[in-house]
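Trainee: I have just opened this one and would like a guided look. Could you walk me through it?

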Amino acid sequence: MAEIKVPELAESITEGTIAQWLKQPGDYVEKGEYIVELETDKVNVEVISEEAGTIQELKADEGDTVEVGQVIAIVGAGGEAPAPADKKEEKEEPQQQEKAEEKAPKEEAPASKDDKKNRPIASPAARKLAREKGIDLSQVPTDPLGRVRKQDIEAYENKPASAPAKPAQEAKKAPAKKDDGKPVVREKMSRRRQTIAKRLVEVQQTAAMLTTFNEIDMSAVMELRKRKKDKFFEDHDVRLGFMSFFTKAVTAALKKYPYVNAEIDGDEIVLKKYYDVGVAVSTDDGLVVPVVRNCDRKNFAEIEGEIMELATKARNNKLALSDLQGGSFTITNGGVFGSLLSTPILNGPQVGILGMHTIQLRPVAIDKENMENRPMMYIALSYDHRIIDGKEAVGFLATIKNLLENPEDLLLEG
């Protein structure tokens, strides 16, 4: 008999939510086989069985909150792994095979076990949506590769109902009533969304946060990208985007203004002598900030490749905890959604975050007599005024502006 406990996940993570049981009571598990998927505030993790045996009991349901160290399942000794199909056939006599074939249509137990093993493959976002909508994943049509995606859940929900919904499902979908009789719908916040909300409030309550702004003429960067993008892709098999320019410019600015690359620990300031830049990525379950390590030692192609890889992992819910920990500064790009101007909130315990915004043609004075339409971008630096003065904040943004308006200088910065 062995207990399956919620493992130590990370120093800052003490609990999680049961996202999906991969095994059910009566199922045989091998040592090291995954039995449950946990949703934490940062990533989803799969828990393995430390012993081989049969699942005796599940002590938590899908959707329950569980703490590190809590027993969530019992694995009992005994049971056998399913024998390979070819070995079963070798053991059966011809007459036994005929009898088995005659009885097969009447026997339901083996079929139900197969159904459990052949559960549809679904993304975490799809499973989450299915739970919220009270939809049985086995009833949802899959894509050609046998996967259930979020859009498949939405399409299934919107199709005309062929049979009355179960009472439990109706209860989940039915709008709750407020005291004034107005219809509302209540949705449980995901663990990640709860943590995002908690941390954003904590930052605003504990940091003396201010934001300063500047704008960048993106003409030079855009012209350089236009000239170099095809050769860059041919040489490195990755596209040349804006993020590598901004990451290199931020790294240079952090070297010049080290207190922006710091954090507060009690009554001490921790100045970081490394440049691990977090890049905010929007996913179906909320914002995550994977970290590009050692940006001062990486070239443009390495930065672009790593950002693309981390963004793909984030959207497929494949990020590891190590991908999210230890950043010293953050860049967030609201411009991809059309944001013209915003005040980003600090990603604690960091003391600085750069906000990029949409590029927009605006008239710019070239000299006293001439104006031109130029591709302009507003940038914002939110910073903790407890250790960063206004002069440093303004100088930090001015450095980024000057480097991006003269992008060849980024090569000299290394």
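Mentor: We can go through confidence, strands, salt bridges, a surface patch and some backbone angles, in that order.

Trainee: Okay, what is the mean pLDDT of the chain?

Mentor: This is a predicted model, and the mean pLDDT of the protein chain is 81, with 80% of the residues reaching 70 or more.

Trainee: And where does pLDDT stay under 50?

Mentor: One such stretch is residues 97–117, for which the model has six contacts beyond four places in sequence. Residues 162–174 are also below 50 in pLDDT, and that stretch has eight contacts in the model beyond near neighbours in sequence.

Trainee: On to strands. What is the order of the open sheet of four strands?

Mentor: The order is β1-β8-β6-β3, and the pairing in this open sheet is antiparallel. Its edge strands are β1, at residues 2–5, and β3, at residues 28–29, each of which pairs on one side only.

Trainee: How many bridges join β3 to β6?

Mentor: There are two bridges between β3 and β6, the latter covering residues 53–58, and these two strands run antiparallel. As a position to look for, V29 stands opposite G53 in β6.

Trainee: What holds paired strands together in general?

Mentor: Strands of a sheet pair through backbone hydrogen bonds, and they can do so in a parallel or an antiparallel way.

Trainee: Now β4, why is it described as largely enclosed?

Mentor: Strand β4 spans residues 34–39, and five of its six residues are buried, so the rest of the structure largely encloses it.

Trainee: Which residue in β4 is the bridge partner of T17?

Mentor: That partner is E39, and it belongs to the pairing of β4 with strand β2, residues 15–21, which is antiparallel and has four bridges. Strand β4 is also joined by five bridges to β5, residues 44–48, again running antiparallel, and there E37 stands opposite E46 in β5.

Trainee: Switching topic, how many salt bridges does the count come to?

Mentor: The count comes to 13 salt bridges. One of them is between the side chains of K23 and E33, at 2.9 Å from N to O. K23 lies in the loop between β2 and β3, while E33 lies in the loop between β3 and β4, so the pair ties together parts that are 10 residues apart in sequence.

Trainee: How far apart are the closest N and O atoms of R293 and D276?

Mentor: They are 3.7 Å apart in the salt bridge that R293 forms with D276. R293 sits in the loop between β19 and α10 and D276 in the loop between β15 and β16, so this pair ties together parts that are 17 residues apart in sequence. R293 is partly exposed, with 23% relative accessible area, and D276 counts as buried at 8%.

Trainee: What about R386, which side chain does it meet in a salt bridge?

Mentor: R386 meets the side chain of D384, at 2.6 Å from N to O. Of these two, R386 is partly exposed at 47% relative accessible area, while D384 counts as buried at 2%. There is also a network in which salt bridges that share partners join D217, E372 and R374.

Trainee: Which residues make the nonpolar surface patch?

Mentor: The patch, of about 260 Å², is made by F213, L340 and L341. L340 is found in the loop between β20 and β21, and it is partly exposed, with a relative accessible area of 35%.

Trainee: Last topic, which peptide bond is cis?

Mentor: The bond from G348 to P349 is cis, with omega near 5°, and P349 is found in the loop between β20 and β21.

Trainee: And what is phi of D237?

Mentor: Phi of D237 is near 60°, a positive value in a residue other than glycine. D237 is placed in the loop between α8 and α9, and at 60% relative accessibility it counts as exposed. N294 also has a positive phi, near 50°; N294 is found in the loop between β19 and α10 and counts as partly exposed at 28%. For background, most residues other than glycine have a negative phi, and most peptide bonds are trans.

Methods
Residues numbered from 1 in each chain as written. Heavy atoms only, no water. pLDDT = per-residue confidence, 0-100. Contact = heavy atoms within 4.5 Å. Pairing = 2+ DSSP bridges. Buried < 20%, exposed > 50% of the residue type's maximum accessible area, 1.4 Å probe, protein only. Patch = residues over 30% accessible without salt bridge, like charges linked within 9 Å, V, L, I, M, F, W, Y side chains within 5 Å. Areas by Shrake-Rupley, 256 points an atom, 1.4 Å probe, with all protein chains shown as cover. Salt bridge = Lys/Arg side-chain N within 4 Å of Asp/Glu carboxyl O.
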